Amino acid sequence: MSHVFFSYLPSTQPISQQAFKTQTIQPHGFKVSCNHSPDDHINNQVILPEPQNLTPPNIHRRNLLVGLGSLYTATSRTPFSIATAAPITTPDVTFTCKDALSEANNLTNSVRSRKCCPPNIGKKVKPFVFPNEKTVRMRWPAHQGTFEQVDKYRRAIQAMRDLPDDHPHSFNNQAKVHCAYCNGYYNQIDSGFPHIDIHIHNSWLFFPFHRWYLYFYERILGKLINDPTFALPFWKWDEPSGMRIPEIFIPENVNGKPNPLYDVYRDARHIKEVVIDLDYDRKDKFVPDEIQIAYNLCTIYRDLIRNGGDTISFFGGVYIAGDSPVSNNDPSVGSVEAGSHTAVHRWVGDATKPLFEDMGNFYSAGYDPVFYIHHVNVDRMWKLWKDLGLPGHKDPTERDWLNASYVFYDENEELVRVYNKDSVDLKKFKYDYIENSEQVLMWQASRYAKHVKRSKSGPNKVHMTQKVETVDELKFPVRLNKIVKVRVKRPQVDRTKAEKAKANEVLLVKRIKFDSRKFVKFDVFVNEKVKEGEMMTMSCEPEYAGGFAQIPHYDLKNMFISSSVRLGLNELLADTNTEGEEYAVVTLVPITGCDDLTVGDIKIELVPVI
Ligand code: C2O
């Protein structure tokens, strides 16, 4: 057996869960049956009058196809699109990619190339075939690698860096895969929308796209060192001992040679011995490590359980052919993507660079080896979420999700088309995750503190309040250049246990329009009773519903893009003792990049748990 070469980072003292008023997760073993679709609920109406002059109702094409055809003019789509509901289909990436547009787009100050298209080596797109090898690649925690694991990983990345630049497997070309898919270099020509780009963030494509990307990346690395068992590490930021940048990525040189895992564009303040902040908003909190760790565990609990209670809330919203980043359909961003995932990007990226390279901008993130390792853990979150087996924790089954497809260079330099439907079963991929079976995942026990009685505020006050504008008549869209408070009517009060088992109460913050070139973050509190001049509570406090956060996109065409976010209220209302209140008081707190951000609508819905 190989010995542990890289020592563990300083082990963290066990946290007294009591100190942070966390409580054990409640059993969720009930059986659920519900045939309603979200649209069936007559109780869903918000609240206060909806403005007439605003964007037309969001009518999904699927609804149109099942008989609401007469309403089609209410969408931003053409009748043509209505007749052809189709999954997002990536075209042949070597023919339709937009480097020319990127060059014409005068972006200064970028430290990485803006030419992101893959090389054309004359290959035709082929169907994907699952691997038939006997062995399973076991992905390992990056802070606990054995000498052998770390050595192989370093050699493989070095071999990738040594490839000629125009090789499809070269380090730069692998980084560009992310840039091209995230910044609109491909269009929806194969689904009949040549003028609409493809984006794989802020929707239900987020998990499957990155899973495929890493699947090929891992196999390419294995092939480069001729090792069919090669497995990637993961940055285990969900466990206290893994909540720092893994040590193997830090030194500039190892044994007198450049460390292939090193990247020069990282935030120097966060490189060593600093516990990551999974709610990071570009300000360091300077709290003791054990408090930051407890906050992080609450954040993961929030991403996977509190706000990830149904398929769409966890994966992100429906995104199909004809949807653009500025369409009225504005798919919601999934709970992990908007939460810990985005925080890690911005925490690692170099804040002294105007574009926050590498991790802090989608176009450049792939140039930092830690990006892949971060995303391996994001991929693991998908697995852990499913393995929790809670009602609502199911992969999407819609045809438009199952049949969405991407094109990648595989480990044999073949261009292959891969589908979401083939991404759900890890067994077929022949990789898995090394878990410590004795270790109870600490975040599972990190449900927020329940207030013993209605309390005005808790101990962890972070935000200074700015001027608060109370919007009683919903004057949407509202601009978030100040704190905004809105009363939102709930569909039902005092729901019984059986009713809660059938449907989750979800807060929807919709039609968020923001400048895609900026870091954006606002926080959402529910039933937080602070007054102007007081401070807001955060992180493990039950009033904190979560946030909406974005990494700069530098989209080629669209400066303003549109999205939405879904935040779970079941536990929040229970833990703040406000289940009986007819209205929820929703407070939106701008944190960064929100001066020109507008919110189009806020409502509360009952989302059936299937
Ligand atoms: Cu494609 Cu973390 O981003």
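**View 1. Helix 6 is mostly covered in this predicted model, with 17 of its 19 residues buried.** The model shown here and in the views that follow is predicted. After helix 6 comes Asn-226, a residue whose phi is positive, near 60°.

**View 2. Helix 4 and helix 6 pack against each other at an angle of about 90°.** Helix 4 is made of residues 147-162 and helix 6 of residues 206-224, and their axes lie 8 Å apart. Since angles of 65 to 115 degrees count as roughly perpendicular, the two helices are therefore described as roughly perpendicular to each other.

**View 3. Residues of helix 4 meet residues of helix 6.** On the side of helix 4 the contact involves Ala-156, Ile-157, Ala-159 and Met-160, while helix 6 brings Tyr-217, Ile-220, Leu-221 and Leu-224. The residues of this contact divide into 8 nonpolar, no polar and no charged. As background, an α-helix has 3.6 residues a turn, so residues three or four places apart point the same way.

**View 4. The largest nonpolar core holds 104 residues.** Within this core, Tyr-153, Trp-235 and Leu-304 are the residues that touch the most other members. Helix 6 gives the most to the core, contributing 11 residues.

Terms used
Residues numbered from 1 in each chain as written. Predicted model: local features only at pLDDT ≥ 70, side-chain atom pairs only at ≥ 80, totals over all residues. Heavy atoms only, no water. Axes fitted to C-alpha atoms, helices over the stretch in contact; angles between N-to-C directions. Helix = DSSP H or I, 4+ residues; strand = E, 2+ residues; numbered from the N terminus. Parallel < 35°, antiparallel > 145°, perpendicular 65-115°, else oblique. Contact = heavy atoms within 4.5 Å. Nonpolar A, V, L, I, M, F, W, Y, C, P; charged D, E, K, R; others polar. Core = buried A, V, L, I, M, F, W, Y, C linked by side-chain atoms within 4.5 Å. Buried < 20%, exposed > 50% of the residue type's maximum accessible area, 1.4 Å probe, protein only.
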